[in-house]
Amino acid sequence: MQSTQPANRRIAVRLLGATSLAAALAMSASCAAQTSAVTAPPPPPPVSADAPPPRPPGLAPRPISNAASMSTTQATVARFLTNPDGDVDGFLASDGTLVRFPPHMSAQLTSTVRQGDSVQLSGWHDEGGNFIAQRIADTRSGQQLIDQPPMPGALPLPRELRGAGLSRLSAQGQVAHVTTAPRGEPDGVILSDGTVIKLTPPVAQQFGSLVRTGATVSARGYGTRNQYGTALQATSFGSPGNLTQIYDRPPTAP
């Protein structure tokens, strides 16, 4: 009887150890399964076969509206042109061609090209006959500019701050050039001294006898005058001494 008890104890200890080991293994497997379920990344979402490939980072070139009409020509810079905000948005060539370039690249243009320089232009003519430059290369310095969109994240001024730097201006003189919108509608004039008077196409149509080369005009409005020229958005327009108010409620002075 005494010899049987130690044997039974040994068997019980062994059974208890085996049970503990099995429980530990089961618990370890359960933890591993839970960890795998938590850390495993979800499967990627399905991609449509028609979806376009992702765009690589960086600036994309400005799209060309009609690549078939692209041309290259030579020109001489006779006079820079400004908009009412004071940005240089192109120049007048010595042959009378209006060359347009993005106003947000005003500083780059004036630091690369000087009045009197000969330049090579690549771009196209719009319906108004203006040359829309996509590339400008200065033959004097060898430098060139390529039309690029504004930097990512660049935001326009809030509406309440637009025009804060404009001044009330007046102008008078003989029309040397008629400016046009992209579709060819007249939208202003350039006087013989280089002053730019901007109108809207509907307003310009109301002054057909004045919005033409050789006419003598007068205007009042808001704009800027700097080292590159004078430009204003007209609020009154007409012949000298006979101005017509364009807007029923002209904008107040900043």
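Leaving aside neighbours within four places in sequence, Val217 is in contact with Ala171, Gln172, Gly173, Val175, Val189, Leu191, Ile197, Leu210, Phe237, Gly238 and Pro240, where contact stands for heavy atoms within 4.5 Å. This is a predicted model, in which local features need pLDDT of at least 70 and side-chain atom pairs count only at pLDDT 80 or more, while totals for chains, interfaces and linings use all residues. Residues are numbered from 1 along each chain as its sequence is written, and side-chain values use heavy atoms, with hydrogens and water left out.

Val217 also belongs to the largest nonpolar core, which has 19 residues and in which Ile197, Leu199, Val217 and Phe237 touch the most other members. A nonpolar core is a set of buried Ala, Val, Leu, Ile, Met, Phe, Trp, Tyr and Cys residues joined through side-chain atoms within 4.5 Å; buried means under 20% relative accessible area, exposed over 50%, and partly exposed in between, with a 1.4 Å probe and protein chains only. Two or more residues of this core come from each of β7 (167-180), β8 (186-191), α3 (201-206), β10 (216-226) and β11 (229-239), these being DSSP runs numbered from the N terminus (helices H or I, at least four residues; strands E, at least two). A second, separate core of 17 residues includes Ala75, Phe80, Phe101 and Val119.

Strand β8 also holds Asp187, which counts as buried because its relative accessibility is 10%. Its side chain makes polar contacts with the side chains of Thr179 (2.7 Å) and Lys198 (3.3 Å); such a contact is a pair of N or O atoms within 3.5 Å, where within protein one must be able to donate a hydrogen and the other to accept it, and residues adjacent in sequence count only if both atoms are side-chain atoms. The C-alpha atoms of Asp187 and Leu199 are separated by 5.0 Å, although the two residues are twelve apart along the chain.

A search of the whole structure finds two aromatic pairs, meaning rings of Phe, Tyr and Trp (its six-membered ring) with centres within 6.5 Å, counted as stacked with planes under 30 degrees apart, edge-to-face over 60 and tilted for the rest.

| Pair | Centres | Planes | Class |
|---|---|---|---|
| Phe80 and Tyr228 | 5.7 Å | 85 degrees | edge-to-face |
| Phe207 and Phe237 | 5.1 Å | 80 degrees | edge-to-face |

Phe207 lies in the loop between α3 and β10 and Phe237 in strand β11, so their pair ties together parts that are 30 residues apart in sequence; both Phe207 and Phe237 are buried.
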